[in-house]
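Open the model in your viewer and keep the selection panel at hand. The stops below say what to select next and what is there.

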Amino acid sequence: LDIAYHWALLNGLNTGTSVHDINKSSSDQVFSHPEVMKSMRFFNKYAPQVYASQATGAYSVFHKGLNANNLTKYPYPKYSTLSRSNLERYYRICKDEAMYGAKISDTTMVSAGKNDQRNSQKDYNDVGWDIDEGNFERFLTQIAPDSTSAGLWRVRGQLTGASSKYDRFARRFDNVTNRNTMYFKFWEDVFSSTSKPKSLKIKITWLDSIAGSTWELRYKDLNGLTQSPIKMIGLGDRKWKTDSVTVTDMDVTQSGLLNSDFMLVNTDNVDDIFNGIEVDFERMTTGINDIDCDKPNSIHLFPNPVKSVLNWNTNASFDQIKIYSVSGILLLQSSNMQSSSIDLSYLSKGMYFCQLRKGNQVIQTEKFIKE
């Protein structure tokens, strides 16, 4: 249950779901399972966060999907004919990844659609048709994941009711193929010159599998120096753990190797295993201000509160206006700046954000109330 809910919720976030609609029996299960509750809180935290520049966190949860419909990655004739019903193709793909835990455990469902799988599948298949191939991520990206790490399935063996939700998918270093560093970068819109991070709390979920194994978190600080705030030594107790550190000096301009912001680095020849990374951040400035007509060099928006028409000073210089809900949903976008007002009479009562842009640059974001 922990596994099914956890990855279903992550898949929902990955596809842009904002509300997870479940029935009463499912709700009862959620409230009776602490790990499922944690997954639900994670979903509730990120589902409303769709606007990168206003986000309060980011994550990269590791996952590798074997998509039999990818002819570029799995070409003919090595992987047999491209056909959804061709089971031989699924088996050949799975065979290449078997050393990393990939299996086909329910042959009757391997080529079925998602609805049929949801209703009838009895066990997990790691190869499918048109399935997500990469990590589940929001506002944080692992750079070139398959060429810098190895995807894993069934991390601690056969999945049972006692398995951790983290056992389903993971990534690890692969020293034999010289994949000893994982690189990460924040999405470009997360931070800007006017919205820099005041602090970043980095949480890393990893499997403590081998006593004495070592790995580090590394990043460049604002002076260009390499910092290693986490230097981990494994105990080998085979438990999933989450370790965290808060940093205040990270350079988030993608100045590291492969244009990264930070890295996980293997510091021995042991292949450490990770489930994912989450970063909570506090900003120096949110980039959102109450409307203030006395603010120097600002574009003045009025009236506030507004009943129907929002105005701005006639000498204002911008070429696009966007209106967002408080949850970051884009409600209106206009590039017609011939007038100095916009009709917002159709909006419901409440608080909104007005973003003004010039070219690709956000020049001002203001908060207003609609009466």
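Select Asp130, in the loop between strand 3 (127-128) and strand 4. The model is predicted, and in it Asp130 has a positive phi of about 60° although it is not a glycine. Asp130 counts as partly exposed, because its relative accessibility is 48%, between the limits of 20% and 50%. Most residues other than glycine have a negative phi, and most peptide bonds are trans.

Ala144 is not a glycine, yet its phi is positive, near 45°. With a relative accessible area of 36%, Ala144 is partly exposed.

**Cis peptide bonds**

Phe302 and Pro303 are joined by a cis peptide bond, with omega at about -5°. Pro303 sits in the loop between strand 16 (301-302) and strand 17 (309-312). Now move to the bond from Asn304 to Pro305: this peptide bond is also cis, with omega near 5°. Pro305 is likewise placed in the loop between strand 16 and strand 17.

**The whole chain**

Zoom out and colour by secondary structure: the protein chain has 6 helices and 22 strands. Its C-alpha atoms fill a box of roughly 65 × 50 × 45 Å along the principal axes. Of the 371 residues, 47% are buried. Among contacts between residues at least 6 apart in sequence, 68% join residues at least 24 apart.

**Salt bridges**

Side chains of opposite charge can pair when their charged atoms come close.

Select Asp126 and Arg154. They form a salt bridge in which the closest N and O atoms are 2.2 Å apart. Asp126 lies in the loop between helix 5 (114-120) and strand 3, and Arg154 in the loop between strand 6 (150-153) and strand 7 (169-172), so the bridge ties together parts 28 residues apart in sequence. Are the two partners buried or exposed? Asp126 is buried at 3% relative accessibility, and Arg154 is buried at 5%.

Select Asp146 and Arg171 next. Their closest N and O atoms are 3.1 Å apart in a salt bridge. This pair links distant parts of the chain, with Asp146 in helix 6 and Arg171 in strand 7, 25 residues apart. Asp146 is partly exposed at 30% relative accessibility, whereas Arg171 is buried at 0%.

The side chains of Asp271 and Arg172 meet in a salt bridge of 3.1 Å, N to O. Asp271 lies in the loop between strand 13 (262-266) and strand 14 (273-283) and Arg172 in strand 7, so this bridge ties together parts 99 residues apart in sequence. Asp271 is partly exposed at 21% relative accessibility, while Arg172 is buried at 13%.

For the network, select Lys45, Lys203, Glu278 and Asp280, which salt bridges link together.

**Aromatic pairs**

Turn to the rings: the count comes to 20 aromatic pairs. Select Trp7 and Phe136. Their ring centres are 5.9 Å apart and their planes stand at 50°, so the pair is tilted. Trp7 is in helix 1 (residues 2-14) and Phe136 in strand 4 (residues 136-138), 129 residues apart, and the pair links these distant parts of the chain. Trp7 is buried, with a relative accessible area of 8%, and Phe136 is buried at 5%.

Compare Trp312 and Phe318. Here the ring centres lie 5.3 Å apart with planes at 65°, so the pair is edge-to-face; the cut-off for that class is over 60 degrees. Trp312 is buried at 5% relative accessible area, and Phe318 is buried at 9%.

For the last stop, select Phe62, Phe184, Phe186, Phe191, Phe262 and Phe281, which ring pairs link into a cluster.

How values were computed
Residues numbered from 1 in each chain as written. Predicted model: local features only at pLDDT ≥ 70, side-chain atom pairs only at ≥ 80, totals over all residues. Heavy atoms only, no water. Helix = DSSP H or I, 4+ residues; strand = E, 2+ residues; numbered from the N terminus. Buried < 20%, exposed > 50% of the residue type's maximum accessible area, 1.4 Å probe, protein only. Contact = heavy atoms within 4.5 Å. Phe/Tyr/Trp six-rings, centres within 6.5 Å; stacked < 30°, edge-to-face > 60°. Salt bridge = Lys/Arg side-chain N within 4 Å of Asp/Glu carboxyl O.
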